[in-house]
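Below are some notes for a colleague who is opening this entry for the first time. Please read them with the structure in view.

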Amino acid sequence: MSDATVTTTPTRVAMQRRATPRWLASFWPPALAALLIFAAWEGAIWWFHLPNFVLPHPAEIVGVAVQNHEQLAADTAVTVVESLSGYVLGSIMGLVVAIIFVLIPRLEHVLLPVYVVVNSVPMIAYGPLAIIYLGIGSASKIVLVTIAVSYTVLINALAGLRSTDPRAIDLLRTFGATRGTVLVKLRLPAAMPAIFSGLRVAVVHAMILAVVLEMLGANAGLGWAVYKSTQMMSFVEAWSAVAASVLASLVIYLVVSWVARRFVWWS
Amino acid sequence: MDAPAVRARLLPQLLALPALLLLWEASVRGLAVSPDKLPAPSTVLATIWAAHTIFAQAVGTTLYEAVLGLVAGTLFGVASGVLFSRFRLLERMFLPYFVASQAVPIIAFGAIIILWFGNGVVSKALIAFYLSFFPVAVNTLVGIHGVPAEQVGLLRTFGASPLTILLRLQLPAALPAIFTAVRLGASLALVGAIVGEWFGATRGLGVVLLTAMYEYRMTYLWAGILLTGLTGVALFVVIAALQRRIAWWQVET
C-alpha cells in the first residue's frame, strides 16, 4: 500500500508543475475560437472575393472606427447616458414599488396585474408611442428604459423580499421591531441577491432597448448611427457602430456584475 | 393552496385587463380626450375590425417570420447544445461567446442581415433565428450537464449507447431548461422580426407601428401595440401548451 503512495506522489507533483496556470487554461480555448472566426472571416472574403459592402475586413472596421472615433464616442456617450439614466431611474422605481407592495399587500393585488399586462407587450412596440409623445430626443428612450427596468427589478425584488423566513420575521416582531425595522434589518438584506440578479439582467435590457429605439427614431446614439449608415449604404460604418454597441454593453454588464459580486458578498 | 386562496390570487389578475380597459375607456370619454392624443379602447377595436384584413396580414407576416426563425433557432440550439456536451473543447471555445451574446445588443446585427438578405421574409427569420438560437443552446447544455453522473453511469452499465442515453435520459432531463429558453427565444424572435421590419419592409406589425408613427395615426398605432401584445401572448400560450404535451411528467408549480 505504502509502495503505491510512494510511486504516485512524484508523478502528481510533476504533473502539477507542468500543468498550465488556471487563467491560461480557461483563456486559450476562446482565444483559439476567436482566431478561427477571424480566419474564417478573412478566408471568406479571400475565397469568394467579397467586396467590402458585403463583408469588410475586420481591420477595415477598426480603421473606420478609429477614423470616426469622435463621432463614435459621441454616439456611444448618448446611448450609454440614455440607458444608464433609464436604468438608475427604473431600478429606484422598481425597488420603491416593490417595498410599497410588500408593506401594503392590498395595493399589490390591484396594481401588480396592471404592471404585468402593460409589460406583456414587447417594450419596443411602445417605441413609436414614446417618440410621438416625447419626440425623437433622449427623453423617449429614457422613459421606456425606465419602465422596462423597473418591471424587471420589481419582479426580482418582490421574489427576494418574500423569500424571508416568516419565523425570522415573527422573531423580530416579538422583540418589538416595527414593520420598518423588519424591512431594513431583515427583508432587504435577505432580498439583496435577488435584487442584484434583477439589476444585472436589467442593465442588458437597458442597453438593448436604447439601441433598438434609436434605430426607430433619434438624432444621435449608436442605434441611430447603425440605422443612418445602412440607409446611406455606408456598410463599414454600420459594422463599426454595431461593434461599438456590443463593446459598450459588454463593459457595462461586466461593471455591474463586478459591483454586484462586491456588494452582495454573503450570497 | 385551497380554493378561496387561489380565487383571491387569480381574480385580480383576470380582472386586471378588463378593469384597465374600462378605466381607460371611461376616462377618455369622460374627459373628452381627442383620439389624436389617446384613443379609447373601443375606437381601437373598431379600427382593427374595420381593417381586419390588413391587420390579419400584418400579424400573419410577422408571426410567420418569428416562428420560422424560432423553430430553426430551437433545432440548431438544441443540436449545438448536444454538440457542446459531447465535445468539451468546443464548449470551452465557443460557450463564452454564446453567453456574452446574451449581454449585448446582437439585435443591432439585424441591420447587417437586412443588407445581406434584403427586405423579404428570409432576413427577418434569420434575425429571429440567431436571437433565439443562443439561449436555447446555452440552456440545452446546462440541462444536459444537470443530469447526475450516476444516472448516466447506470444506463451505461445496462449497455445503453450514447445515443440512447442522450434520447432517453439527457434530452428529456434538459427539456424544462430548453423550454425556458424557447419561451425567452419566442419573445426575442418576435422583437427581432418587428425590428427587422423597420428597415424598409412593406408588411408586418413592425410596418404598422412605423407607418402609424410617421403619419401620427394614434388609433392605428394603438391597434399595432395591442396586436403585438396579443401575438406575443399567443406564442407564449402555444409554447406552454407544447411543454405540457411534450414534458407532461414535469410537475407544474
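1. Chain A has 11 helices and zero strands. Read from the N terminus on, the elements of chain A run α-α-α-α-α-α-α-α-α-α-α. Please keep in mind that this is a predicted model.

2. Along the sequence, the pattern of chain B is α-α-α-α-α-α-α-α-α-α.

3. On overall dimensions, the C-alpha trace of chain A spans about 80 × 75 × 30 Å along its principal axes. The radius of gyration of chain A is 25 Å, whereas a compact globule of 267 residues would have one near 18 Å. For chain B, the C-alpha trace spans about 75 × 55 × 30 Å along its principal axes.

4. How is chain A divided into domains? The domain assignment gives domain 1, residues 2-37, and domain 2, residues 67-263. Taken over C-alpha atoms, the centres of domain 1 of chain A and domain 2 of chain A are separated by 42 Å.

5. The two chains touch: 39 residues of chain A are in contact with 41 residues of chain B. On the chain A side, the elements that give two or more residues are helix 2 (22-48), helix 5 (105-119), helix 6 (127-134), helix 9 (179-216), helix 10 (222-231) and helix 11 (235-263) of chain A. Which of these helices gives the largest share? That is helix 11 of chain A, with nine residues.

6. Within chain B, one helix pair deserves a look. The axes of helix 6 (residues 121-145) of chain B and helix 8 (residues 162-196) of chain B come within 7 Å and cross at roughly 155°. Angles over 145 degrees count as roughly antiparallel, and helix 6 of chain B and helix 8 of chain B are therefore roughly antiparallel to each other. The crossing in which helix 6 of chain B passes helix 8 of chain B is right-handed.

7. What residues make up the contact of helix 6 of chain B with helix 8 of chain B? The residues of this contact divide into 17 nonpolar, 10 polar and one charged.

Note on methods
Residues numbered from 1 in each chain as written. Chains lettered and ligands numbered in written order. Predicted model: local features only at pLDDT ≥ 70, side-chain atom pairs only at ≥ 80, totals over all residues. Contact = placed C-beta atoms within 7 Å. Helix = DSSP H or I, 4+ residues; strand = E, 2+ residues; numbered from the N terminus. Domains from an automatic or database assignment. Axes fitted to C-alpha atoms, helices over the stretch in contact; angles between N-to-C directions. Parallel < 35°, antiparallel > 145°, perpendicular 65-115°, else oblique. Left-handed = near helix turned anticlockwise from the far one by under 90°. Nonpolar A, V, L, I, M, F, W, Y, C, P; charged D, E, K, R; others polar. Rg over C-alpha atoms; globule rule 2.2 N^0.38 Å.
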